[in-house]
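Dear colleague,

Please find below the structure that I am handing over to you. I would ask you to look through it first and then to read my notes on what was found in it.

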Amino acid sequence: MDKRPFKIPLIVWMVLLWWTAYSVMFASQVVAMGDTDGRPIAWSRALHFSFGGWMTWVPFSLGILWLVRRFPVERGAVLRALAVQSLGVAAIIILKAAYVYVTDPVFEWYDELPGFGEVLLTSVRNNLMTAWTVIGVAHAFVYYERAREREKRIADIEKSLVSTRLEALRAQVNPHFLFNALNSVAEMVHVDRDLADRMLVSLSALLRDGLKQDEVQERPLSDELAVVDHYLMIEKIRLTSRLQVRRRIDPDCLDIRVPVLILQPLVENAIVHGIARRRSPGWLLIRAEAVDGLLRLAVENSTEPGAPTVAGHGVGLRSVSGRLQLLYGTRARLLLPEVAPDRYVVELEIPLPATAEGAGASPLERVA
């Protein structure tokens, strides 16, 4: 048995509050008019009369709202809606006349109670416009409800689409770099089995991370760098002294959350398209600093002098750029600044949580 307490809907409280306030205001007008005419009316009498008349509109208003929700004026149903609502107005006028006729001994609406026909005619004059005004207000409320529901549905759809697109982009990156790493291990097996074994350990770590079936789209920068370390372990063994890795990481940035697999594609791009093509040793630099409300990440590498500049539009960079746009919109950027001919740089600008709208929420919650 459900023992939860019954909660009165907010709309009921709103209607009750409105007609209570209106009754008090009307009573004040009755008192003021009595004073002006030289026939003072006590507040108790005015409130008794006002509440007795206007508070009947509480159930009438709720009934009208129910009717408008069922039969709103909308495209393709205008005549039906107006017909149904006209019947509702007629019912209210009749019920109001019957209420006045029956309660006249209590509230003394008339000095001498006339016949029901005259009471009904007075009800038409007094309640026709009020009823249609309430119908108009009810339509505004119903349209507002529909707009809110439509916004929520759109937000849910956008959230679902963003999540799907993010997972699709991650799915593009995972096999791409994992297969490259596997090829490097396969080459080393024929050269040095001990080194190949170490490479397999790093590769297993990459596999565990890359094949996770979770919906987490961000993680601390320190975790992202740990994944990069596993990849670099494999590449340093394969390239030996041809690869020199440098870092300039601000320690305060290590706990900042960044998109999953945001750095590894940039590092892979630098090695495959830059350093691996060199005949002489090359270097790779990873930078991270927080400046002006942004986390600035950069992967910089040496290139072979005279070699053509890498276009930078491969699967990895497209994935990084696409996920930045989905997660942060225009607040994040992937930049390819022009530098010296023997250097290639990819920079990322990611908004810090404290400056991002909806700080503390996940990226999908912020889209949503």
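A residue is called buried when its relative accessible area is under 20%, and exposed when that area is over 50%, with partly exposed in between. By this rule Arg 219 and Glu 224 are both buried. Their side chains meet in a salt bridge, at 2.9 Å from N to O. Please bear in mind that the model is predicted.

Overall composition

The chain contains 10 helices and seven strands. Of its 368 residues, 40% count as buried. Among the contacts with a separation of 6 or more, 73% are made by residues 24 or more positions apart.

The nonpolar cores

The largest nonpolar core has 45 residues, and the members that touch the most others are Leu 263, Val 267 and Leu 297. At least two residues of this core come from each of helices H5 (116–189), H6 (193–210), H7 (221–239), H8 (264–273) and H9 (315–328), and likewise from each of strands S4 (282–291), S5 (294–302) and S7 (343–351). Helix H7 gives the largest share, with nine residues. Another core, of 19 residues, lies apart from this one; Val 15, Trp 54, Val 68 and Ala 131 are among its members.

Which residues does Val 267 contact, once its neighbours within four places in sequence are left aside? They are Val 228, Tyr 231, Leu 232, Leu 284, Ile 286 and Val 299. Val 267 is also one of the buried residues of helix H8, together with Gln 264, Pro 265, Leu 266, Glu 268, Asn 269, Ala 270 and Ile 271. Because eight of the 10 residues of H8 are buried, this helix is largely enclosed by the rest of the structure.

Aromatic pairs

The structure holds 12 aromatic pairs. In one of them, the ring centres of Trp 57 and Phe 60 are 5.5 Å apart and the planes stand at 80°, so the pair is edge-to-face. For that description, an angle over 60 degrees is required. Both residues belong to helix H3 (residues 57–70), where they are three residues apart, about one turn of the helix. Trp 57 is buried, with 0% relative accessibility, and Phe 60 is buried as well, at 14%. Ring pairs also join Trp 57 and Phe 60 with Trp 18, Trp 19, Tyr 22, Phe 26 and Trp 54 in a cluster.

The largest pocket

The volume of the largest pocket is about 430 Å³. Sixteen residues line this pocket, and those closest to its centre are Val 15, Trp 18, Trp 19, Val 134 and Val 137. Helix H1 (10–37), H3 and H5 each contribute at least two residues to the lining.

Salt bridges

Side chains of opposite charge can pair when their charged atoms come close. The count of salt bridges here comes to nine. One of these joins Arg 287 to Glu 300, with the closest N and O atoms 3.6 Å apart. Arg 287 is in strand S4 and Glu 300 is in strand S5, so the pair ties together parts that are 13 residues apart in sequence. Both partners are buried: Arg 287 has a relative accessible area of 19%, and Glu 300 is at 4%.

A further salt bridge connects Glu 349 with Arg 333, and here the closest N and O atoms are 3.0 Å apart. Glu 349 is in strand S7 and Arg 333 in strand S6 (residues 333–335), so that distant parts of the chain, 16 residues apart, are linked. Glu 349 is buried, at 10% relative accessible area, whereas Arg 333 is partly exposed, at 42%. Salt bridges with shared partners also bring Arg 287, Glu 300, Arg 343 and Glu 347 into one network.

Two residues with positive phi

Which residue in the loop between S4 and S5 deserves a note? Asp 292 is found there, and its phi is positive, about 55°, although Asp 292 is not a glycine. Asp 292 is exposed, with 71% relative accessibility. Glu 108 likewise has a positive phi of about 55° without being a glycine. Glu 108 sits in the loop between helix H4 (78–107) and H5, and is exposed at 52% relative accessible area.

Yours sincerely,
A colleague

Note on methods
Residues are numbered from 1 along each chain as its sequence is written. This is a predicted model: local features need pLDDT of at least 70, side-chain atom pairs count only at pLDDT 80 or more; totals for chains, interfaces and linings use all residues. Side-chain values use heavy atoms; hydrogens and water are left out. A nonpolar core is a set of buried Ala, Val, Leu, Ile, Met, Phe, Trp, Tyr and Cys residues joined through side-chain atoms within 4.5 Å. Buried means under 20% relative accessible area, exposed over 50%, partly exposed in between (1.4 Å probe, protein chains only). Helices (H or I, at least four residues) and strands (E, at least two) are DSSP runs, numbered from the N terminus. Contact means heavy atoms within 4.5 Å. Rings of Phe, Tyr and Trp (its six-membered ring) pair if their centres lie within 6.5 Å; planes under 30 degrees apart count as stacked, over 60 as edge-to-face and the rest as tilted. A salt bridge is a side-chain nitrogen of Lys or Arg within 4 Å of a carboxyl oxygen of Asp or Glu. On a 1 Å grid over the protein atoms alone, a cavity is a set of points where a 1.4 Å probe fits but cannot get out, and a pocket is an open set with protein on both sides within 12 Å along at least five of seven lines; lining residues have an atom within 4 Å of a point. Grid points are joined across faces, edges and corners, and a volume is the space filled by probe spheres set on the points.
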